Amino acid sequence: MKKRFPRLPDSELEVMLALWEGHPDMTRLEVEQYINRDKKLALTTVLSMLTRLEKKKFVSVVRNGRNNLYNPLISREEYQQQESCSVLEKLYGNSLKNFVASLYSGRGFAREELEEVEMFLKNLDCRGE
């Protein structure tokens, strides 16, 4: 049985993105600097989000002198897979065709994008065959 974890609010997801795109043992200041490239958040806000993520078991915290060092416990790929399956199930009734049709109706695809998806689908390991 796969490990399930809660869906993150956007603010906490931004912190996780910083940790996933950063390096091991990031400090709160490094996470804050990453997030503040796009928007300004207070020190206490970032610290609160890191604390919530620790309680949810998304990050580990190790004390190193005067700093806490943060590391993701859940990989970006694990989170993306769970969220993708959830969206596919809840919004598209588990229909990949309906999901792709919805993406396509929003905009056209470049031929290269379609060829890339086609190659991906051809290279999938078909289960049960």
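## M16 in helix α1

M16 sits in helix α1, which covers residues 10-21; helices here are DSSP runs of H or I with at least four residues, strands are E runs of at least two, and both are numbered from the N terminus. This is a predicted model, so to speak of local features we need pLDDT of at least 70, and side-chain atom pairs count only at pLDDT 80 or more, while totals for chains, interfaces and linings use all residues. Residues are numbered from 1 along each chain as its sequence is written, and side-chain values use heavy atoms, with hydrogens and water left out.

With a relative accessible area of 0%, M16 is buried (under 20% is buried, over 50% exposed, in between partly exposed; 1.4 Å probe, protein chains only). Setting aside neighbours within four places in sequence, M16 is in contact with L8, L53, F58, V59, P72 and I74, contact being heavy atoms within 4.5 Å.

## The nonpolar core

M16 turns up again in the largest nonpolar core, a 20-residue set in which V15, M16, L19, V31 and F58 touch the most other members. A core here means buried Ala, Val, Leu, Ile, Met, Phe, Trp, Tyr and Cys residues joined through side-chain atoms within 4.5 Å. Elements giving two or more residues to this core are α1, α2 (28-35) and α3 (43-55), and α1 gives the most, with 5.

V31, leaving aside neighbours within four places in sequence, is in contact with V15, A18, L19, M26 and V46.

## E32 in helix α2

Buried or exposed: which is E32? E32, in helix α2, is buried at 13% relative accessible area. Beyond neighbours within four places in sequence, its contacts are L41, L43 and V46.

## Aromatic pairs

The whole structure has 4 aromatic pairs; Phe, Tyr and Trp rings (the six-membered one for Trp) pair if their centres lie within 6.5 Å, with planes under 30 degrees apart stacked, over 60 edge-to-face and the rest tilted. W20 and Y79 have ring centres 6.1 Å apart and planes at 40°, so that pair is tilted. W20 is in α1 and Y79 in α4 (residues 76-92), so the pair ties together parts 59 residues apart in sequence.

F58 and Y79, with centres 6.0 Å apart and planes at 70°, are edge-to-face. F58 is buried at 0% relative accessible area, and Y79 is buried at 5%. F5, W20, F58 and Y79 form one aromatic cluster.
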